[in-house]
Each structure stands twice: as C-alpha cells, then as structure tokens.
Amino acid sequence: MSTNKIHKKVPDFRLSPTVDKVGVEERVARFQTRSIKNESKMQGLKMVLNMIDLTTLEGKDTPGKVRQLCYKAQHLHDVQPDLPTVAAICVYPSMVAEAKKALGNSGIKVASVSTAFPSGQAPHEIKIMDTRFAVENGADEIDMVISRGKFLAGEYNFVFDEIAAIKEACGSARLKVILETGELASLDQVRRASDIAMYAGADFIKTSTGKIQPAATMQVTYTMLCAIKDFYLKTGVKVGMKPAGGISNSKLALHNLVMVKETLGAGWLNNEWFRFGASSLANDVLMQIMKQTTGHYQSADYFSID
Amino acid sequence: MAKNKKSETVDKKTVIEQSNELFDFNGVWDYAPSPEGTSHVKLKERYDLYIDGKFVAPSSGKYFKTVNPATDEELAEVAYGNEQDVDKAVKAARVAYETVWSKLSAKERGKYIFRIARLMQEKARELAVVETLDAGKTIRESRDVDVPLACNHFFYYAGWADKLEYAFPNRKTQALGVAGQIIPWNFPLLMAAWKIAPALAAGNTVVLKPAETTPLTAMLLAEIIHESGLPAGVVNIVTGYGDTGAAIVNHPDVNKVAFTGSTNVGKIIQKAVAGTGKKLTLELGGKSANIIFEDAPIDQAVEGVVNGIFFNQGHVCCAGSRLFVQESVADMVIQKLKDRLDTLYVGNPLDKNTDIGAINSKAQMETILKYIEIGKNEGADIYESKCSIPKKGNFIRPTLFTDVAQSSRIAQEEIFGPVLSVQTFRTIDEVIQKANNTPFGLAAGVWTDKGSRIFNLTTKLRAGVVWANTYNKFDPTSPFGGYKESGFGREGGMHGLGAYLKFER
Amino acid sequence: MERLEILKTYKIFIGGQFPRTESGRYYSPMNKKGEALANMCLSSKKDHRNAVVAARKAFGSWSERTAFNRGQILYRIAEMLEGRKSQFVEELVKQGATAPKATAEVDLAIDRCVYYAGWCDKYQQVFSSVNPVASSHFNFSALEPMGVVGIIAPQTNSLIGLVSTILPVIAGGNSCVVLAAEQLPLCAITFAEVLATSDLPGGVVNILTGSEKELIDAFHAHMDINAVLYAGENDEHARKLEEGADCNVKRIIRYVGGLTKTTDESPYYINDFQEVKTTWHPIEHVGGATSSY
C-alpha cells in the first residue's frame with residue numbers, strides 16, 4: 001500500500017490544541033462503562049487478535065526465540081478453528097531477516113524498531129543506517145522513536161526533520177512513530193508530538209516503547225486518536241494508531257476498540273489503521289475466546305507461552 | 001461582496017456534510033444488548049402513604065398507576081394522597097418535632113441520618129434499577145450518578161447535625177419545625193435526598209411529596225427510613241398529584257416550603273405562601289449558557305456540551321441548553337458535536353450501554369416535540385442523531401439546532417429535553433451579554449484555556465453555578481441554586497443548611 | 001437687622017442628581033406639635049421607575065469595584081455624616097426628638113457607617129467556602145450582590161433605620177431604590193446630600209420621599225428589581241410585596257423593629273442580599289508528584 005507523505009506546509013506546533021486532562025479522564029471512564037457481551041465480544045476479541053503486533057524486544061532475544069514467536073503468530077491456538085492471525089511480528093533490526101524467513105508468505109508483516117530503540121540516543125547517521133538496515137532486511141514496517149530530549153527542550157523543528165528523514169529512509173515501508181508518551185509529561189505534549197509526527201509523514205503514531213511506565217494509558221491513546229481525527233479533517237490523510245505497552249488483558253483491549261469506534265468510527269477498526277503492541281495480550285484474548293466458545297473459564301496452562 | 005459571503009457559507013456547509021460521512025460510527029462492530037438484571041428487584045403491586053412511621057392507605061382509597069416510560073408497562077399502583085392525608089402527615093410531623101426530634105441530642109440525630117445513608121448504600125443497586133424503571137433514565141446514570149450522590153448527600157449532612165454552630169459564626173441557630181417538600185421527576189431519589197437530608201440535620205421534621213410519574217424510589221426510601229428506626233413521624237412521604245402538593249404548601253402548620261420544579265409552579269407557590277411567614281426556597285427552571293472560546297480544549301468542550309444537554313435526556317434544570325461558540329471554531333465544534341451525536345445510544349434505559357434513555361412521560365414528550373417543531377418553523381437548521389430509536393416507548397433522538405437567533409423561542413424557553421440550540425459569537429462582551437439575556441440564572445459553562453478569561457466570565461455570568469472547563473458536576477458539598485427566575489436558596493454544602501434554620505438574634 | 005434664613009428645598013435623589021418629582025406633587029408631613037416640616041416631594045411611580053433605571057445603570061460598575069474601594073467610600077460617608085452632624089440633630093429635633101436622643105441617633109448612624117465600611121472586604125471571607133468535592137475539581141462558593149434592591153425604610157425613625165438598611169445593601173455591592181420614612185423624611189434627603197459628596201457613584205443609592213401606600217406596588221411589580229427589603233410596619237404591605245414578588249421571583253426580606261438598637265448590625269444583613277455562586281474547575285494531576293514532594 002502507499003504510505004503517507006511528508007507535509008511541506010506545517011502549522012506552528014507551539015499552537016497545537018490544548019487538552020484538558022480531567023475531561024479526557026471522564027471521557028475514558030465513559031468508554032470503560034461500555035459493556036461488551038456475547039457476539040459483539042467474540043467479534044471484538046477476534047479483531048483484537050488480528051490487530052496485535054506480537055512483540056519481542058529483549059536484549060536476550062535470539063533467532064530461535066524469534067522463530068518460535070513467528071510460529072505462534074501463525075498458530076495462535078490450533079484447537080480453535082477460524083482464528084485470525086496477528087497483524088505483525090515486532091522485533092529488533094538484527095532479527096528482521098530471521099522473522100521474514102520464518103513468516104514466509106503467511107501475510108503477517110514484519111515490523112522492526114529502529115533509530116536506536118528504545119532511547120533514540122544515537123547520532124543521526126546511525127539512526128538512518130539502523131532504519132535502512134531493517135528495510136533492506138525486509139521489514140514492512142518501521143517503529144522509530146522520537147528524540148524526547150529535543151522535544152522537551154522545545155526543538156520541534158529538529159524532531160520534525162528527524163522524523164521526515166527516517167520517513168525517507170523507510171522507502172515503501174510504513175512508518176510508526178513512537179512518542180514515548182511516558183516521558184512527555186502532559187497530554188498537551190502528547191497532542192503536540194502527535195501533530196509533529198503526522199505532519200512529518202507518520203503512517204502510524206504509537207504511544208510507547210514498552211520500556212517506560214506509564215505506557216499506553218487510555219488517556220494517552222484517546223488524546224492521540226483525537227489528534228488523528230483533527231489531522232484527517234484538515235488534510236484528508238488517514239493516520240493509524242498503535243497503543244503499545246501495558247495492554248495485557250482483553251477487557252482493556254476491547255475498551256480500546258470502543259474508543260476507536262466512538263472517536264474515529266469503523267474506518268479505523270482494522271489492522272491497517274489500528275494495532276496493539278503487546279507480548280502477553282494474545283494469550284488472554286485466546287483464553288477469553290475459549291471461554292466464549294466452551295463456557296469454561298480457562299487456565300493459562302492450556303495456552304502456549306512463546 | 002454579499003454574494004461572495006453567501007457562497008462561502010454554502011461551501012462551509014458542504015465541508016461539514018461531507019465530513020459527516022467520513023466517519024462511520026455505526027458500521028462493522030456494534031454492542032450487543034447488555035441489560036442490567038432486574039430479578040433481584042421485587043416491586044410491590046401497591047404502595048401506600050408513609051405517615052407517622054406506618055404505611056397507610058390513602059383516605060380517599062384512590063390509587064394511581066406509575067408506568068415505565070420506556071415500555072409503557074405498568075409498574076405499580078401508588079396511593080393518591082389528598083388534603084386529609086397531608087393533614088395527617090403534617091400533624092404527625094408536628095408531634096414528632098415537638099415530642100421527639102427536637103428533644104433528641106444533635107449527635108443522635110446525626111447518627112440516624114448516617115444510618116439511612118448506609119442502608120441506602122447497601123441497597124444502591126436496587127434503588128438504581130427501580131429509578132431506571134420508573135423514570136426512564138439510563139442505568140449508567142442512576143447507578144453511577146443519582147444513587148451514589150443521594151447516599152453521599154445523606155452522609156454529608158449527617159455530619160452537620162451536631163456542628164451547626166460552626167456554619168453560622170456568632171449566631172445561634174434553631175430548626176424551623178415542619179418542612180413541606182415537593183420534588184420533581186427528573187432526579188427522583190436524588191432530589192428526595194437533597195430535601196430530606198439537610199432538613200433532618202438541621203432538626204426539622206418532613207412531609208415530602210414525590211412527583212406523580214416517579215414515586216417509587218421515594219417509597220423505597222420510606223422503607224429504608226422505616227428500617228433505620230427513625231422515630232415515627234420525622235419523615236412522612238405522601239404521594240399524589242399537584243393538588244397533594246398544594247395541600248402541603250397551603251397547610252397552616254407547615255413552617256417551611258421547599259420546592260424544586262418549574263418556574264411557573266414556583267411562582268404559584270411563592271404567591272401562595274405570601275404573608276404566611278413560611279420560609280421558602282425555590283429551585284426552578286433554567287436556560288443555561290455553555291460558552292466555547294477558540295482556545296478551549298475543543299474535544300473536551302464538545303464532550304462537556306454533550307454531557308451538558310443530553311445528560312438525563314436533557315431533563316435537567318441546569319442543562320446547558322444554549323451553546324455559544326466563538327465563530328472561528330464554530331464549524332469544527334458543530335461538526336464534532338454532530339459526530340458525537342451519532343455515537344450516542346438511545347434506547348432501553350436498563351441497557352448498560354445506553355447513553356440516552358426514555359423521555360419521562362408522554363406529556364413531556366409532546367412538549368419537546370412541540371419545541372422541535374417551533375425550532376424548525378423559526379427557520380433554524382436542525383440536526384438529529386443518526387442513531388436508531390426503539391419503536392415503542394417515549395424516545396427522542398438527540399437534536400441540535402444551528403443558526404438560532406437569540407430571539408427564537410428555542411433559545412429562550414426551557415425545553416427540558418435533548419434539544420440544544422447553537423449560536424455563535426465574536427467577542428467576549430457580546431457573549432456575556434447574550435448569556436445573561438434571559439430571565440433565568442441557574443448555571444453556565446465556560447470553556448477556555450485562559451485562566452484570567454475564566455474568572456472574567458465566572459464573575460460576570462449571572463448564574464448560581466458556573467462550570468469552567470467542565471459541566472453538570474454535582475456534589476453534596478457544593479451549593480447549588482439559582483439567580484433571578486431560577487429560584488432562591490441553595491441546596492448542598494454549608495450554605496444549604498441555611499434553608500432549614502432560623503437564627504435567634 | 002435680623003438675617004432672613006435660607007430654607008432648604010427638599011428634593012429627591014436619583015442617579016446622583018437632585019430632581020423634583022416629575023409629578024410636581026408635594027406633601028407636608030407634620031411633627032407632633034402639628035408644625036409642617038417641609039414640602040416634600042410626593043414621588044410618583046414614574047420617579048420610582050427612573051430611580052430603578054439609575055440603580056440598574058450603576059449596579060454593574062459598583063459591584064465590580066474592589067471591596068477595598070467600597071470600604072473606602074463607605075468610610076467617606078461616615079466622614080461626611082460626621083461633618084454634618086449638627087444638621088441631622090437639628091432635623092431630628094424638628095421632627096420631634098429631644099436633643100440628647102437626636103445626638104445619640106446621629107452618633108449611632110455614623111458609627112454604623114464605619115461598622116459596614118469595615119465589613120466590605122471581610123464578609124466574603126466569613127461567608128464563602130471552598131468545597132471539598134469528591135472529584136478532581138476545585139470548587140468554591142462566593143457571594144455576589146443580588147442586583148437592584150428596593151428598600152422601604154423603617155417608618156418609625158428618620159435616620160438610623162435608613163442607614164441600617166442602606167449600608168449593608170451597598171456594602172455588598174448592590175444598588176438600591178429607597179423609600180424614606182413617610183412622616184419623618186427630612187434626614188433621608190440630607191443623607192442623600194451626604195452620599196452625593198462622599199465619592200459614592202451616582203445611582204448606587206436613590207432616595208424617594210412619598211407615600212408607601214402609593215408606591216408599594218411599584219416595588220414588587222418592577223421586573224428589574226431583584227430584591228425588596230421591607231422594614232416598614234405594615235403587615236398588609238409586607239404581604240402585598242410577597243404576593244406580587246412572583247412576577248420575577250423577587251427575593252423579599254423583612255426586618256421589623258426599626259433597626260434602632262446598637263445590636264441591629266451584623267454581616268448577616270449584608271448576607272441577606274447576596275447570591276451564592278459556586279464555581280467548578282478541573283484539577284489536573286500529572287505524573288506521580290504529590291504535595292509532599
């Protein structure tokens with residue numbers, strides 16, 4: 001698919017809309033009162049599975065571990081038929097080639113973090129090389145991190161230019177821009193960083209690396225969804241959303257879907273425009289699906305850990 | 001020039017119309033029905049009056065039916081109290097005041113109120129379900145707003161009972177005696193709590209009349225009060241219609257009248273108690289302004305507007321029924337509002353996912369529909385949510401009118417339903433003037449990121465409650481009440497005690 | 001040769017000006033000895049209406065003055081009153097008081113002005129509250145003036161009742177339209193002259209003389225009067241006010257006894273003509289920092 005462009009005409013990011021945190025908390029609480037039952041729960045759970053970027057981002061990752069994960073991605077729970085696969089596998093650049101091979105023509109994408117993930121504290125050239133390396137090894141998607149230090153210092157142009165440069169290095173790979181919202185201190189800043197990333201050509205904006213707490217809180221995700229909505233209204237360009245880190249159970253994932261549905265509508269309720277970055281979410285969703293199917297509450301012993 | 005201008009507005013409209021189709025809020029994935037269980041709730045077939053600690057049949061022998069406005073199903077029969085019954089209730093309240101309640105130490109008085117609060121908390125879910133059945137309001141609201149607030153109100157005022165001397169420095173306070181209280185149908189249990197709790201804490205005894213369309217939770221409260229062991233006659237509940245209320249207002253042995261309801265009836269009551277020496281507080285209608293400036297947190301403001309007008313089907317005296325948007329952001333705000341309207345679920349009030357429940361009664365439904373017709377005839381642009389509504393029962397789609405003139409009736413009169421009128425403004429002076437340009441003065445909302453502007457507005461808006469960057473928030477500690485024709489006296493907080501006390505000078 | 005005394009023409013006080021009644025009518029109240037006191041203006045409903053217009057016009061800027069400034073001006077009233085003490089004593093004697101009683105009444109009136117001058121920037125602190133709501137909001141309730149207040153002054157005395165009703169009303173930022181004691185009106189107009197020379201903006205206090213019976217309906221029927229203070233003695237008039245108040249849900253407050261005692265002063269008289277306004281605003285809690293940091 002085609003990817004987003006870098007915008008030539010950009011607004012003054014200092015003037016990004018303000019966000020009232022208490023109001024956001026109230027709105028999020030409303031999403032959380034939605035009661036998802038029966039067939040809508042089953043449908044929702046399958047959507048969640050299909051939106052997962054199954055992730056392993058550990059220093060101790062090995063090609064073997066990545067191969068296991070890739071197998072899991074294609075065989076989530078074979079005792080249950082009609083299960084979708086996850087959307088993508090998310091790994092470090094060094095593991096991209098291994099993942100690509102293991103996934104073959106399953107249709108599951110390979111996403112690679114880059115730009116000296118998770119800190120982003122590396123020279124510009126290295127970040128570019130890091131990205132090119134991943135793309136050349138077959139990454140379909142690049143998950144970059146922004147320079148939070150520069151952002152907090154108010155150097156919005158630096159942040160914009162860096163994202164734009166990575167975007168160019170991505171070629172035809174889709175770019176997810178990780179804001180690392182846990183380090184941005186306020187929802188106003190989350191909104192501003194979202195605007196910068198979208199104008200700089202992000203195909204997705206993503207909350208977190210998963211290495212910092214808090215990560216993908218619903219408040220943060222909601223703020224970013226609102227930014228996506230405004231960007232779409234202004235430019236007609238769709239941007240995807242990826243909450244990552246901290247979404248470890250089905251209920252929270254379903255409430256995230258509620259939030260997408262009621263903020264952006266059905267157009268974003270698919271893995272082309274919405275992803276979950278998660279490592280342990282899949283098994284909880286599977287347990288819930290089995291509970292729906294069999295009527296028995298499940299035990300973790302029956303679901304493979306990879 | 002004029003021609004250019006016109007084409008510009010037409011262009012703006014097409015942008016809005018187009019973008020409305022950009023977001024599909026109904027397709028792909030929907031929520032399955034998720035109704036709150038009702039099996040644990042056992043309604044009686046018939047509810048009698050609660051007088052002098054006993055449940056007694058009305059002297060006329062007459063009962064009236066109360067129905068579920070969402071289904072038109074009959075829920076129960078309720079006693080129709082007349083003048084004679086009111087007289088019995090007032091006499092019981094007088095005896096209880098003279099012989100028991102005024103003799104009790106303030107501490108003990110407080111402990112009874114605490115006990116009522118706790119019993120209500122224990123039965124909270126039952127109260128919420130019955131409230132939803134009888135009033136048509138959503139279970140989400142009765143469960144999360146009405147019932148907890150009602151419990152908390154008792155809890156808050158319970159603590160005041162033995163601390164009254166701290167509320168009014170340098171004044172000795174005294175209870176008034178018998179308080180006659182008449183409450184509306186929009187927040188049946190909560191209004192009962194707003195009335196009974198401070199009255200008891202201040203040392204009065206009570207005769208309360210619930211609204212005729214929503215008497216059930218008041219009767220459950222009577223059962224709770226009975227269970228609490230509150231001395232007989234301290235609280236009496238007499239159900240009935242307007243004539244029952246009039247009998248309370250006109251009873252010569254009532255020392256205090258507290259009324260929440262329409263401005264029209266409030267005025268009748270004000271006239272009726274003239275010259276009687278009865279202390280009076282009135283909490284009446286409103287046509288509150290909600291004002292959005294261009295620098296506001298727009299998404300939260302839109303949410304606040306939705307909460308301001310569609311909360312409780314718009315059956316809220318302080319509903320933010322007049323929206324003023326600064327012209328520079330008007331298109332965006334209106335569009336976001338329309339999107340938000342489309343995501344609202346209207347339907348079965350017992351469903352946990354329902355955002356907007358049933359209109360409380362057929363009569364109110366007709367009033368609202370009449371105003372929608374008036375709005376259309378006045379030339380305002382109407383937008384109704386695309387949501388589906390049930391075929392049976394009293395339901396109205398959330399509705400907004402744009403291009404509304406200040407002189408238009410839908411911008412001036414209280415509709416008491418899910419209907420919002422939208423006007424635009426350019427300058428701060430203009431909006432203050434327009435917001436204050438009403439006989440009412442209950443509440444107002446202001447949305448802006450600028451602190452100094454908030455305080456400019458909050459001081460200049462002539463309204464008893466001003467919500468800045470929020471709307472429709474309530475708390476037992478927070479005084480509530482109006483300026484001008486929205487009534488006088490406050491309910492809630494320390495100031496709410498004043499309505500039930502006199503000073504020994 | 002004896003000098004011919006210049007007699008004062010007693011006019012009414014509207015919008016800082018001293019016009020005659022537009023009706024051209026007068027009445028001549030008498031003292032106990034049967035002597036005519038003066039030819040007083042018999043104010044008409046139109047005078048009353050003009051006074052309400054002046055009071056409404058003055059209300060906005062008066063209510064927005066700082067409390068400190070209002071206190072300064074009320075204190076200035078006391079100063080001006082002190083300076084004209086002998087004139088008030090004379091008038092009170094003319095209206096039938098003994099000299100010592102007259103002096104005592106004027107002294108009390110001056111001290112009462114000082115008393116309310118001092119309250120201007122304090123009553124708010126006594127009656128306001130910060131309300132600890134159970135959500136993430138800052139919530140406070142403060143007092144605001146009701147607006148235009150109609151005052152029917154005590155009819156049993158000339159000065160102290162007038163001062164005791166006007167001062168708390170204006171200390172709280174209201175403007176007012178006052179009907180003076182019908183049969184003891186002299187001090188009211190002289191007090192108007194005090195007000196006119198004491199930095200009080202025109203229109204904040206407007207004083208009419210005339211018939212309570214004739215004007216009582218104007219007080220409750222005027223849609224631009226927010227509240228009426230009735231300090232007269234006539235139960236029938238009090239009832240009429242309350243009955244007619246429904247036209248705009250007017251607040252009607254009654255004081256009995258003429259407010260002549262030294263104890264007839266308190267901030268609660270200010271409070272009686274205040275609305276309570278409650279304001280809410282969200283409190284943003286960011287990060288994990290608590291106030292113990």
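A salt bridge is a side-chain nitrogen of Lys or Arg within 4 Å of a carboxyl oxygen of Asp or Glu. Side chains of opposite charge can pair when their charged atoms come close. The model shown above is predicted, so local features need pLDDT of at least 70 and side-chain atom pairs count only at pLDDT 80 or more, while totals for chains, interfaces and linings use all residues. Residues are numbered from 1 along each chain as its sequence is written, chains are lettered from A and ligands numbered from 1 in the order in which they are written, and side-chain values use heavy atoms, with hydrogens and water left out.

Over all chains, the whole structure holds 72 salt bridges. One of them joins E77(B) to R46(B), with 3.2 Å between the closest N and O atoms. E77(B) lies in strand 5 (residues 73-79) of chain B and R46(B) in strand 1 of that chain, so the pair ties together parts that are 31 residues apart in sequence. Helices (H or I, at least four residues) and strands (E, at least two) are DSSP runs, numbered from the N terminus. E77(B) has a relative accessible area of 21% and is partly exposed; R46(B), at 43%, is partly exposed too. Here buried means under 20% relative accessible area, exposed means over 50%, and partly exposed is in between (1.4 Å probe, protein chains only).

R125(B) and E36(B) form another salt bridge, and their closest N and O atoms are 3.2 Å apart. This pair ties together parts that are 89 residues apart in sequence, because R125(B) lies in helix 4 (residues 124-135) of chain B and E36(B) in the loop between helix 1 (2-20) and strand 1 (46-47) of chain B. R125(B) is partly exposed at 40% relative accessibility, whereas E36(B) is buried at 10%. In the salt bridge of K137(B) with D146(B), the closest N and O atoms are 2.4 Å apart, and both residues are buried. There is also a network of salt bridges that links R27(A), R30(A), R34(A) and E262(A) with E303(B), R340(B) and D355(B).

Among the buried ones are L127(B), V130(B), E131(B) and D134(B). The cover includes strand 4 (63-68), strand 5, helix 3 (106-122), helix 5 (139-160), helix 7 and helix 8 (216-228) of chain B. Just after helix 4, G136(B) takes a positive phi of about 85 degrees.

Next come the nonpolar cores. A nonpolar core is a set of buried Ala, Val, Leu, Ile, Met, Phe, Trp, Tyr and Cys residues joined through side-chain atoms within 4.5 Å. The largest has 184 residues, and I166(C), F191(C) and I207(C) have the most contacts inside it. Helix 7 (residues 188-201) of chain B gives this core its largest share, eleven residues. I166(C) touches several residues, including I151(C), C176(C) and V205(C), not counting residues up to four places away in sequence; contact means heavy atoms within 4.5 Å.

The structure holds zero disulfides over all chains, a disulfide being a pair of cysteine sulfur atoms within 2.5 Å. The sulfur of C170(A) is 13 Å from the closest cysteine sulfur, in C90(A), too far for a bond.
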